[in-house]
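User: I would like to go through this model and ask what stands behind each label. Please set each value against its definition.

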Amino acid sequence: MTRASPVCRKHSWSCSRRRSRPGVTRRFSLYEGEVLSYRELDARANRLAGLLVGRGAGPEHFVGVALPRGLDLIVALLAVLKSGAAYVPLDPEYPAERLVHMVTDAAPVVVVTSTDVRTLRTVPRVELDDEATRATLVAAPATGPDVKMSASHPAYVIYTSGSTGRPKGVVISHGSLANFLAWAREDLGAERLRHVVLSTSLSFDVSVVELFAPLSCGGTVEIVRNLLALVDRPGRWSASLVSGVPSAFAQLLEAGLDRADVGMIALAGEALSARDVRRVRAVLPGARVANFYGPTEATVYATAWYGDTPMDAAAPMGRPLRNTCVYVLDDGLRVVPVGVVGELYVAGVGLARGYLGRVGLTAERFVACPFGARGERMYRTGDLVRWRVDGTLEFVGRADDQVKVRGFRVELGEVEGAVAAHPDVVRAVVVVREDRPGDHRLVAYVTGVDTGGLSSAVMRAVAERLPAYMVPSAVVVLDEIPLTPNGKVDRAGLPVPVVSVAGFCAPSSPREEVLCGLFAEVLGVERVGVDDGFFDLGGDSILSIQLVARARRAGLELSVRDVFEGRTVRALAAVVRGSDAGAVGVVGGAEIVLPGVGEVERWPVVEWLAERGGGSLGGVVRGFNQSVVLAVPAGLVWEELRVLLGAVRDRHEAWRLRVLDSGALCVDGVVPDDGSWIVRCDLSGMGVDGQVDAVRAAAVEARAWLDPSVGRVVRAVWLERGGDRSGVLVLVAHHLVVDGVSWRVVLGDLAEGWAQVRSGGRVELGVVGTSLRGWAAALAEQGRRGERAGEVELWSRMVRGADVLVGSRAVDGAVDVFGGVVSVDSRASVSVSRALLTEVPSVLGVGVQEVLLAAFGLAVARWRGRGGPVVVDVEGHGRNEDAVRGADLSRTVGWFTSVYPVRVPVESASWDEVRAGGPVVGRVVREVKETLRSLPDQGLGYGILRYLDPEHGPALARHATPQFGFNYLGRFTTGTDDTGDEGMTDWVPVSGPFAVGAGQDPELPVAHAVEFNAITLDTPEGPRLGVTWSWPTTLLPESRIRELARYWDEALEGLVEHARHPEAGGLTPSDVGLAELSFAEIELLEDDWRTQG
């Protein structure tokens, strides 16, 4: 990445080099008939800069600019930059309170303003229209001050809205600004910057490109009041570049812009629809359409897309600008594949210095970049995007637009997209309204070409595209969407939806009478007629679920889809079916609506555990558990903790699971919680060693207490440490009711619930989508129906044939038990770990799982002294929602792990070649990639066939269990690794002495000869990939495992070396599925390409 020059001198803002030849006046700025030449601009700005320096302006100082739009405003901005200070735009139209806050926050040494700006009287002022000031400027030299400026010095501060209501100042440096202007000159070019319209308020950074980009290459800037002022122009007019937000520009086009000759329309700030692009092309056929994206924190723009081809979908965000890197990452800061939604991070020269005076917020949003040089940062935008196959970014929504409506998480951007997709909708905005306290509802506002019946038509169309809980409760048709003076949607100006119901029509049958009563009960209205629409009366997707539930209790079988399609009592009465009390419908192949209480069918991993326990879920598997140790707030009160934990237990049905005498599972309903599963211990009088011993003893006691046969599946032990010290909470749960993803859900609920408790409110946790019971029933139904029969041959190939024994014998469950299991740990260096997480997957076109599995296969092949396939039991998270239509497991707690065999193809090779990163390494990675991609639903089907399919399961059961278990847990952040309070974060797991691991009964048979459990932990030095190797000493000596761990480390280094080879990477058959090419054919094509290149 090219860096900006470290030093900027005054000539960086000199206009002298842009003067025209003698006798010609080059215009820089126009405003309502006034003209300012480059020569005049330079002289006036130099004189004012000298005055400002005398008032204290200079590098690392701020100067406010509070002037109305006009030529004086341009002079003032350039003068501030020439003085070495940073300008702070202070819009005179802003409310006085907001201006006072900005001035208090920025503490400018002086404010450049005029006598008619009556606010800001408490700060030093330079009033340009004051007679004394004019006299001083006339007498000042036109050469300007001699100021040395560093690229790191601030150039301007722009205040953006803060989530707390307090605006935050974004500080942009001279280096970032210079880099952006260099991009503008190179990418837009002098012709596009020849005559630019300055229509944007200086309080928004698009004004930077409108003003300073033309200045940097001799162009002209024409100042207008705002974008809509262009409508009032008589006759034809022209400009090389006009900027705006799509919603404002749409109004401009509707009002009439066909007399304009515009070279480029630069749109930014909102999603750009295909309709908008087509409209621009129709009205301004000669204009090039550009879609720019960029947060203020990244200096105006970060990506660009140019609409040079026809399109039928929303415009993408484009590709990154010069000296800019963009990353699409998941919650663990891992790069996501093409097509997968992640959060956008921006890095590069254009990043802001941070937020003025907001160190904490700066640290939160500007984070260390794991993909760059030491000290490099990246900005967390909060925007959800995905890479498209053409290498451009596609906007999906806002992470902080992920609102909660009655407990359901909803992306407003996704709902808006669905509404806008209706062919009669011109523009759409979706908001969450709370017109009644606590009643949050999605409401869509639209404008359209044919508004007759548009509201109901859109509702039906959206119901066909989105889950029920994402369908707006009302669609309000407007003549136009209200906008703010800056051209953005004025959400505060959107009207309250009005319910209008026709004449009342009474029910004429008992069924209609019941439904009318249910409508009124759910909607909270006095009466409902048979022709009144559920959604017209204020119903929404969540209330429709309540209606369905109450209808079933009343003996009427009704689905959510029925409600959306029928809508009125009359229509629903015609399709409603009678039902037995308590019936819940069928799950096989249909959306899951099974409630969480009642008997639970055993799902694959439960059967896997029972098989290890001799067919029982008692005995040696009674205490099979996972645990976590959390830091909890100092001053925590017992009753608060009891209420909080009780709310979590009530919300998640798995934590109320019981194993019946028959071996079946059952989820109990919510009953009054006496808190007996929560234990309190006082450690205040103990030293550190005593506290550590107490935590470990508490974990041991909790494990012994577990007994699923009587519903004891979770134990919580609160250990108070006294005074204002953070406490410790030990949570031990039977593995039946928790997994790695579940812990994240539970910890999030604890943190959210704690905030509600401390604020004095009720604990209201997010709604769970699909119940554990519903998911288990769906998988069982797939097994009974034989829906996975097509995968039998695939899984038979994976397990067929004998594998080379790693010990003197096979695993024997009667001898090889957990009481004889020991473990050793190995950790890769930060540099190797970082490469394995980023560089290697990126170059080789694979995920981290494929990289680690390939390294494992290579290490095992070397360890056992021969090549050939290595058969491994791979653990996955098992939450493959696509396997069951309508499933949402994002907040479901339980044990969802999938275990499936993978035959890792490993060819015989020289170990020296592997360590050196030779071609064999790449071939193994590509083979592993193809093997994993061939598995439907990430291996979920194996467990269904093996344990739930009575026809095909026995055949698979006859094959030997693989000797190796492989599990990559992912990337995690933990709290402090010591026992002090510094660094301990409430409701975050602690590491170090306080941490305790999982526990098993010592007589429980081991599943594999060698267990491989890998995890990446983010440390202050960077990510560290660690592996725990576990094995029964009855089968293998420690020396053999340490040998295997050494080969593993060498295989990792070989992978890193291979990825750095110029010819590493390449396509595999699954990348070109439609072409149906083999590995050999792809390699031939790549060889031809290299030869011709």
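User: Why is T447 called buried?

Analyst: Buried means under 20% relative accessible area, exposed means over 50%, and partly exposed lies in between (1.4 Å probe, protein chains only). T447 has a relative accessibility of 9%, so T447 counts as buried. T447 is placed in strand β27 (residues 439-448); strands (E, at least two residues) and helices (H or I, at least four) are DSSP runs, numbered from the N terminus. This is a predicted model, in which local features need pLDDT of at least 70 and side-chain atom pairs count only at pLDDT 80 or more, while totals for chains, interfaces and linings use all residues. Residues are numbered from 1 along each chain as its sequence is written, and side-chain values use heavy atoms, with hydrogens and water left out.

User: Which residues are in contact with T447, leaving aside its neighbours within four places in sequence?

Analyst: Contact means heavy atoms within 4.5 Å. With those neighbours left aside, T447 is in contact with D424, V425, V426 and R427, and also with L478, D479, E480 and I481.

User: Why does R567 count as buried?

Analyst: The relative accessibility of R567 is 12%, and therefore R567 counts as buried. R567 is in the loop between α14 (560-566) and α15 (569-575). Apart from neighbours within four places in sequence, its contacts are M459, F519, D532, G533, F534, F535, D562 and L572. For R567 and F534, 33 residues apart along the chain, the C-alpha atoms are separated by 5.3 Å.

User: What makes helix α26 mostly covered?

Analyst: Nine of the nine residues of α26 (residues 940-948) are buried. They are L940, G941, Y942, G943, I944, L945, R946, Y947 and L948. These buried residues pack against α16 (604-612), α20 (772-785), α21 (792-799), β40 (898-904) and α27 (953-957).

User: How many residues of strand β19 are buried, and with which strands does β19 pair?

Analyst: Seven of the seven residues of β19 (residues 342-348) are buried, which puts the strand down as mostly covered. Two strands pair if DSSP finds at least two bridges between them. Strand β18 (residues 324-329) and β19 have six bridges in the antiparallel sense, with T324 opposite G348. β19 and strand β22 (residues 377-387) have five bridges, also antiparallel; there, A347 has M378 as its bridge partner.

User: What makes β32 and β35 edge strands of their sheet?

Analyst: The sheet is open, with four strands in the order β32-β37-β36-β35 and mixed pairing. β32 (625-632) and β35 (678-682) each pair on one side only, and are the edge strands. Neighbouring strands of this sheet are turned by 15° against each other on average, direction ignored; axes are lines fitted to C-alpha atoms, for helices over the stretch in contact, and angles run from 0 to 180 degrees between N-to-C directions. β32 and β37 (residues 727-734) run antiparallel and are joined by eight bridges; S627 stands opposite V732 in β37.

User: Which helices pack on this sheet?

Analyst: Helix α17 (residues 638-651) touches β35, β36 (714-720) and β37, and its direction makes about 150° with that of β35. Helix α19 (residues 740-758) touches β32 and β37, at about 30° to the direction of β32.

User: How many cavities does the structure hold, and what lines the largest?

Analyst: On a 1 Å grid over the protein atoms alone, a cavity is a set of points where a 1.4 Å probe fits but cannot get out; lining residues have an atom within 4 Å of a point. The structure holds four cavities of 30 Å³ or more. Of its 15 lining residues, N179, A298, Y301, T324 and G350 are the closest to its centre. α5 (174-192) and β19 each supply at least two residues of that lining.

User: Where is confidence lowest, and where is it highest?

Analyst: pLDDT is the predictor's confidence in each residue, from 0 to 100. Strand β1 (residues 7-8) is lowest, at a mean of 36, and strand β4 (residues 62-65) is highest, at 97. Over residues 579-594 the pLDDT is below 50, and this stretch has 34 contacts in the model beyond near neighbours in sequence. The chain as a whole has a mean pLDDT of 83, with 84% of its residues at 70 or more.

Key: 1 Å grid on protein atoms, 1.4 Å probe; cavity = no way out; pocket = protein on both sides within 12 Å on 5 of 7 lines; lining within 4 Å. Points joined across faces, edges and corners; volume = space filled by probe spheres on them.
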